[in-house]
Amino acid sequence: MVELEKVILFGTPEGISHLQVDISPVLEDAEAFDDAREYMYQMFEREVYDVVIAVESAGTVFAASVAERMHRPLVIVGERDSMLRETVSGTIETYHGARTLRIPRDSIKQGTRAIIIGDVLSHGKDVLAAVNLVRGLGGSIVKIGIFLEHSDFKARRKLLKGIPLESRIITEDL
Amino acid sequence: MKTNPLAIDEETMRSCTRQVYGHEMWIQDIRCEDGEFTAHGLYGHKMLPDKPMPTDYANVVLYDDDGRVADPEREIVNRPRGWRFIFPDEGADVYTLYIDSNSVWVTNDEGWHRGGKRDYSGVTHSEAFNMAAKRLISRDGVSVGNVMHLELEIVPEKATLKVGEKANFTVFYEGVPIKGVKIIAYHPAWQDLMFLKTDAEGKVSFDVKDVGTYAVIAKYTDEEKCSEDFDETGFSTTLTIDAE
């Protein structure tokens with residue numbers, strides 16, 4: 001087993017007020033990435049759900065892995081607007097400006113049970129947007145799985161309160 | 001180390017091994033701070049947590065002296081790896097906290113799967129499971145209240161065990177004391193599980209020799225509770241109770 005906490009980069013650069021994290025070294029280390037994907041799979045192994053929702057961008061790599069192993073469809077919530085499918089969207093305000101996130105309208109049916117997978121959770125606005133898009137189409141959220149949760153933002157206690165959320169790494173534990 | 005007062009019989013082994021993955025759920029680490037109770041709901045075996053129980057298992061139910069109250073808040077935590085339940089202390093003499101889950105599993109050549117017989121081919125065994133956990137939070141450490149929420153219930157004589165005394169329990173199935181139910185007692189200091197059976201009045205007891213939290217697990221299979229999707233229903237209830 002790789003100690004993933006030692007592979008991740010984290011620190012507070014000069015001029016930045018809060019902890020920065022970078023999980024890209026995990027993706028670049030085959031053994032660490034294997035362990036990370038295995039853990040994300042274990043989060044959902046015994047859950048009952050119909051579809052895996054990925055929150056772009058790096059969330060997609062974990063979500064795709066779970067979807068493949070569980071033989072479930074993968075739906076990506078992201079900014080790219082398909083010109084060939086009807087989408088529904090939600091806009092969030094971030095530090096970098098407004099982002100509009102979209103999901104194909106026919107990817108979620110009434111009663112669809114979804115899990116959401118993300119790479120890094122900070123303020124949680126993008127994940128909440130995914131939650132709202134799925135619910136808006138008649139689906140429900142079984143659980144959210146996050147590779148790294150930046151606990152300073154308290155997303156699980158604020159925006160995502162009440163939604164089952166499991167994280168592989170929580171920064172307050174580092 | 002404890003020894004088994006009863007040799008493990010075929011039916012006990014059968015009822016133990018066919019419970020999904022041999023897992024139980026249990027409630028531990030009761031805390032009360034700033035007017036709020038917290039408790040951990042864990043899932044594993046021999047009181048070693050494996051991973052958070054599936055979300056649809058983590059149905060947490062709470063009763064106070066007057067009946068059922070609002071469901072506690074819940075969240076998944078990493079230390080210990082499981083669920084945490086949170087509810088306000090409104091001053092009840094006894095809170096009775098349950099986790100109550102229902103699921104259907106089948107076995108075929110490829111192993112265990114969640115789902116009914118119609119969902120898989122080559123099914124050799126199918127069973128509905130009612131896996132539950134119970135914990136009493138008693139203000140005086142003695143009163144056990146009068147709540148009976150589960151189909152398979154374990155009711156202790158007192159809310160806290162005492163080293164040097166007997167631990168006494170009554171096991172009820174559908175509200176009636178039941179004879180011959182398999183009981184497994186465990187304490188983290190033990191290497192082995194203790195296997196017992198309820199007597200004609202549904203009672204079971206053992207000597208309390210260790211301080212700390214005991215798990216008392218009742219397992220019962222009702223072959224008459226079946227459907228097109230499953231052949232029988234297995235009940236597994238784990239009561240955790242402290243000894244001082």
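This note walks through a predicted model, starting with chain A and ending with chain B.

1. **Overall make-up of chain A.** Chain A holds five helices and nine strands. Read along the sequence, they follow the pattern α-β-β-α-α-β-α-β-β-β-β-α-β-β. Keep that order in mind when you trace the chain.

2. **Size of chain A.** The C-alpha trace spans about 45 × 35 × 30 Å along its principal axes. A compact globule of 174 residues would have a radius of gyration near 16 Å. Chain A has 16 Å, so the value agrees with that expectation. Of the 174 residues, 41% count as buried. Look also at contacts between residues at least 6 apart in sequence: 59% of them join residues at least 24 apart.

3. **The five-stranded sheet.** Which strands build the open sheet of chain A, and in what order? The order is β4-β3-β7-β8-β9, with parallel pairing. Strands β4 (74–77) and β9 (165–170) of chain A stand at the edges. Each has a single partner strand, so one side of each is left without a neighbour in the sheet. From one strand to the next, the twist averages 20°. As background, strands of a sheet pair through backbone hydrogen bonds, either parallel or antiparallel.

4. **One pair in detail.** Take strand β3 (residues 51–55) and strand β7 (residues 113–121) of chain A. They run parallel and are joined by four bridges. You can find the pairing by eye: A:Val51 stands opposite A:Ala114 in β7(A).

5. **Helices across the sheet.** Helix α3 (residues 30–44) of chain A lies across β7, β8 (140–149) and β9 of chain A. Its direction is at about 155° to β8(A). Helix α5 (residues 125–136) of chain A lies across β3, β4, β7 and β8 of chain A. Helix α5 runs at about 165° to β7(A).

6. **Helix α4.** An α-helix has 3.6 residues a turn, so residues three or four places apart point the same way. Just after α4(A), A:His71 takes a positive phi of about 55°.

7. **A:Ser89.** This residue is found in strand β5 (residues 87–94) of chain A. A:Ser89 has 14 C-beta neighbours inside 10 Å, so it counts as partly exposed. Leaving out residues up to four places away in sequence, A:Ser89 touches A:Thr100, A:Leu101 and A:Arg102. A:Ser89 and A:Ile103 are 14 residues apart in sequence, yet 6.4 Å apart in space, C-alpha to C-alpha.

8. **A:Lys154.** Most residues other than glycine have a negative phi, and most peptide bonds are trans. A:Lys154 has a positive phi, near 55°. The residue lies in the loop between β8 and β9 of chain A. A:Lys154 is partly exposed because 14 other C-beta atoms lie within 10 Å.

9. **Strand β18 of chain B.** Nine of the 12 residues of β18 (residues 232–243) are buried, so the strand is largely enclosed by the rest of the structure. Strand β10 (residues 125–138) of chain B pairs with β18(B) in the parallel sense, over nine bridges. Here B:Met131 stands opposite B:Ser236. Strand β17 (residues 212–222) of chain B runs antiparallel to β18(B), joined by 11 bridges. In that pairing, B:Ile217 has B:Thr238 as its bridge partner.

10. **Backbone points to check in chain B.** The peptide bond from B:Arg79 to B:Pro80 is cis, with omega near -5°. B:Pro80 lies in the loop between β6 (73–77) and β7 (82–88) of chain B. B:Asp29 is not a glycine, but has a positive phi of about 60°. B:Asp29 lies in strand β1 (residues 24–33) of chain B. With 15 other C-beta atoms within 10 Å, B:Asp29 is partly exposed.

Terms used: Residues numbered from 1 in each chain as written. Chains lettered and ligands numbered in written order. Predicted model: local features only at pLDDT ≥ 70, side-chain atom pairs only at ≥ 80, totals over all residues. Pairing = 2+ DSSP bridges. Helix = DSSP H or I, 4+ residues; strand = E, 2+ residues; numbered from the N terminus. Axes fitted to C-alpha atoms, helices over the stretch in contact; angles between N-to-C directions. Contact = placed C-beta atoms within 7 Å. Rg over C-alpha atoms; globule rule 2.2 N^0.38 Å. Buried ≥ 20, exposed ≤ 12 C-beta atoms within 10 Å, placed from the backbone.
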